[in-house]
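Below are some notes for a colleague who has the coordinates open and would like a few places to look at closely.

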Amino acid sequence: VYKRQADANPLHRAIAAYQEALIYRPAAVDPQAYGQIQNNLGIAYWSLAQHERPLMLLKQAIAAYEDVLAYRTLGLDPLGHGATQNNLGTAYWDWGRQYDAGSAEQKAAWEQAIAAYNAALAALTQGETDLSHEPVGFDPWATHHSVAVVHDQLALSQPANPGRQQHHWHWATHHYVVALEGWRHQQSPLVDTALQGLIQSLRHQLQAMGTEAQQRSLSQIPADWLPEVWRRL
């Protein structure tokens with residue numbers, strides 16, 4: 001308990017400092033600086049939520065990020081917009097994890113996480129960013145992996161709705177494969193993280209929906225990955 005409190009203390013001070021900074025950098029005077037401070041405030045709220053009062057602090061983080069998006073617009077700052085949407089997706093993911101498994105609140109939060117992550121990835125296209133290099137603000141392959149995880153968990157949360165399960169597992173497989181290919185291109189050790197996620201998702205699909213559903217997802221995987229996928233399955 002002492003360690004958690006000690007780790008949280010600098011975050012309390014950071015939040016107070018950012019809140020004071022907003023007084024001197026109001027949106028009407030300096031919208032760019034205001035957006036940056038609000039984004040940092042959202043990160044501080046999210047970080048503090050890992051130590052205490054997660055529901056309240058994650059709600060504050062989400063509110064801060066959503067405010068930022070009024071100033072970090074897709075047209076004016078696509079990469080900044082994408083980075084904030086990525087942060088928003090993570091906050092919604094964590095918020096959903098605070099609720100009971102399969103609850104309406106959890107599903108709603110995770111659908112919001114998917115929307116935010118997709119908006120982050122769409123911003124890269126708007127910014128005409130070369131995805132062979134990590135853009136400023138966030139790693140797109142990590143975002144693909146994150147949205148795959150959310151789709152996978154949403155599929156598991158609704159066993160009574162096979163259509164929705166198949167929808168989510170289709171997109172989980174798609175995003176795991178994109179993360180796998182992106183990290184492989186970068187020669188990143190995280191490629192194994194994506195591969196492990198994909199294998200676990202395929203196992204979920206087999207257990208929940210049978211061989212046919214798993215085969216549909218296997219057909220989405222590039223041929224050169226299939227021997228390793230089958231070996232691990």
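Helices here are DSSP runs of H or I with at least four residues, numbered from the N terminus. The model is a predicted one, and the points that follow should be read with that in mind.

1. Asp94. This residue belongs to helix α4, which spans residues 78-96. Buried is taken as under 20% relative accessible area, and Asp94, at 7% relative accessibility, therefore counts as buried. When its neighbours within four places in sequence are left aside, Asp94 is in contact with Trp46, Gln50 and Leu58.

2. The largest nonpolar core. This core has 29 residues, of which Ile15, Tyr45, Leu88, Trp93, Ala113, Tyr117 and Val150 touch the most other members. At least two residues of the core are supplied by each of α1 (2-24), α2, α3, α4, α5 (104-126) and α6 (140-156), and the largest share, seven residues, comes from α2. As general background, nonpolar side chains in soluble globular proteins tend to be buried together.

3. Not counting residues up to four places away in sequence, Tyr45 touches Ile15, Gln19, Leu57, Gln60 and Ala61.

4. Helix α9. Within this helix, which covers residues 211-218, the buried positions are Ala213, Gln214, Ser217 and Leu218. Viewed down the axis of α9, these buried residues fall within an arc of 140 degrees, so they line one face of the helix. The partners against which the buried residues of α9 pack are α7 (162-185), α8 (191-209) and α10 (226-232).

5. Two loop residues with positive phi. Which backbone angles deserve a second look? Most residues other than glycine have a negative phi. Arg53, although not a glycine, has a positive phi of about 35 degrees, and its place is in the loop between α2 (31-49) and α3 (54-68). Gln187, likewise a residue other than glycine, has a positive phi near 55 degrees and is found in the loop between α7 and α8.

6. Accessibility of those two residues. Are Arg53 and Gln187 buried, partly exposed or exposed? Arg53, at 42% relative accessibility, counts as partly exposed, whereas Gln187 is exposed, with a relative accessible area of 74%.

Note on methods. Residues numbered from 1 in each chain as written. Predicted model: local features only at pLDDT ≥ 70, side-chain atom pairs only at ≥ 80, totals over all residues. Heavy atoms only, no water. Buried < 20%, exposed > 50% of the residue type's maximum accessible area, 1.4 Å probe, protein only. Arc of directions from axis to C-beta. Contact = heavy atoms within 4.5 Å. Core = buried A, V, L, I, M, F, W, Y, C linked by side-chain atoms within 4.5 Å.
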